[in-house]
Each structure stands twice: as structure tokens, then as C-alpha cells.
Amino acid sequence: MNEIGEKLVFVKTITPELIDIFSAFSGAFNPMHTGADFTGRAEVEKKLGINSGDRIAHGLLYASLISAPLWRLGGDGAIFGELKGLRFMSPVQLGDTISVELEVAAKEGRKLILNVRYRNQEDKDVIKPTQAILFVRQP
């Protein structure tokens with residue numbers, strides 16, 4: 001278990017309900033997430049390359065999709081230690097399907113070093129490929 005090269009993938013489609021729940025949980029009601037209008041919205045949409053009125057997901061919403069594969073990889077009692085250099089590459093919009101791929105890159109006792117990729121349905125990185133640290137109960 002947890003051999004170098006082992007991979008896990010978790011896939012989730014972004015829905016209005018997910019964004020609404022995350023907004024309520026986090027208290028982040030940015031109009032870019034809620035769809036509300038504001039002065040200068042068209043300029044922001046143009047800069048992001050999205051259509052007028054489109055909602056985008058909170059970056060931390062789709063970054064959190066790492067949780068399910070971490071638990072599946074590490075099992076009960078595993079503890080997430082770090083997600084290195086989190087950098088968002090492009091907006092995630094309603095209907096986008098995000099795949100989070102984890103690959104065991106190294107093992108140091110009970111610590112797993114994982115390569116992490118977040119991609120959309122077009123196989124485009126939405127978060128810069130990075131590494132994560134996961135502490136597991138058993139080496």
C-alpha cells in the first residue's frame with residue numbers, strides 16, 4: 001500500500017449548489033461567485049476570459065477536492081500536512097469538471113510526498129502542478 005507511483009484520481013463537477021454551500025460556509029460572497037452585478041464586472045470578466053454574468057468557483061472550493069483522494073490514499077487517521085505553492089492558473093466555472101490526481105512520489109516513514117495535478121475537462125491545469133504532504137498511520 002502507498003507504493004511509489006501509486007495514483008488516485010477524484011473527479012467532481014462544479015454546480016451552483018456547491019458554490020452556494022461554500023459561500024455560506026466560508027462567508028465569501030464575492031459577486032464573481034454569486035453572480036451579482038457590480039461596477040466594473042465586464043472588465044473583470046474580460047480579464048478572466050469568461051462570459052458575461054458567468055459565476056466562477058471559489059479557488060479554495062476546488063482546491064479542497066484534494067481531501068477525498070487524500071483520505072482514500074492515507075486511510076483512517078491520515079493527516080493532511082501541506083499543499084505546496086498553491087497557485088491558481090485559470091478560473092473554474094459552473095459546469096466545469098475538475099480532476100484531482102495524486103501520485104505517490106516518495107515515502108519517508110509515515111510521510112508521503114505526493115505529486116498533485118488539478119485539471120479541467122479540457123485537460124488544462126487549473127492549479128499549477130504541485131506537491132502535497134500526507135502523514136499516514138502506517139509506513
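Student: Is Arg 119 buried or exposed?
Tutor: Arg 119 counts as buried, at 19% relative accessibility, where buried means under 20% relative accessible area, exposed over 50% and partly exposed in between, with a 1.4 Å probe and protein chains only. This is a predicted model, in which local features need pLDDT of at least 70 and side-chain atom pairs count only at pLDDT 80 or more, while totals for chains, interfaces and linings use all residues. Residues are numbered from 1 along each chain as its sequence is written, and side-chain values use heavy atoms, with hydrogens and water left out.

Student: And which residue meets Arg 119 in a salt bridge?
Tutor: Asp 123 does, at 3.6 Å from N to O, a salt bridge being a side-chain nitrogen of Lys or Arg within 4 Å of a carboxyl oxygen of Asp or Glu. Asp 123 is exposed, with a relative accessible area of 55%. Salt bridges that share partners join Arg 117, Arg 119, Asp 123 and Asp 125 into one network.

Student: How far apart are N and O for Asp 125 and Arg 117?
Tutor: Their side chains meet in a salt bridge at 2.8 Å, and Arg 117 is partly exposed, with a relative accessible area of 29%.

Student: Switching topic, how many aromatic pairs are there?
Tutor: A search of the whole structure finds two, counting rings of Phe, Tyr and Trp (its six-membered ring) whose centres lie within 6.5 Å, with planes under 30 degrees apart called stacked, over 60 edge-to-face and the rest tilted.

Student: Why is the pair of Phe 22 and Phe 25 tilted?
Tutor: The planes of Phe 22 and Phe 25 stand at 55 degrees, with the ring centres 6.5 Å apart, so the pair is tilted.
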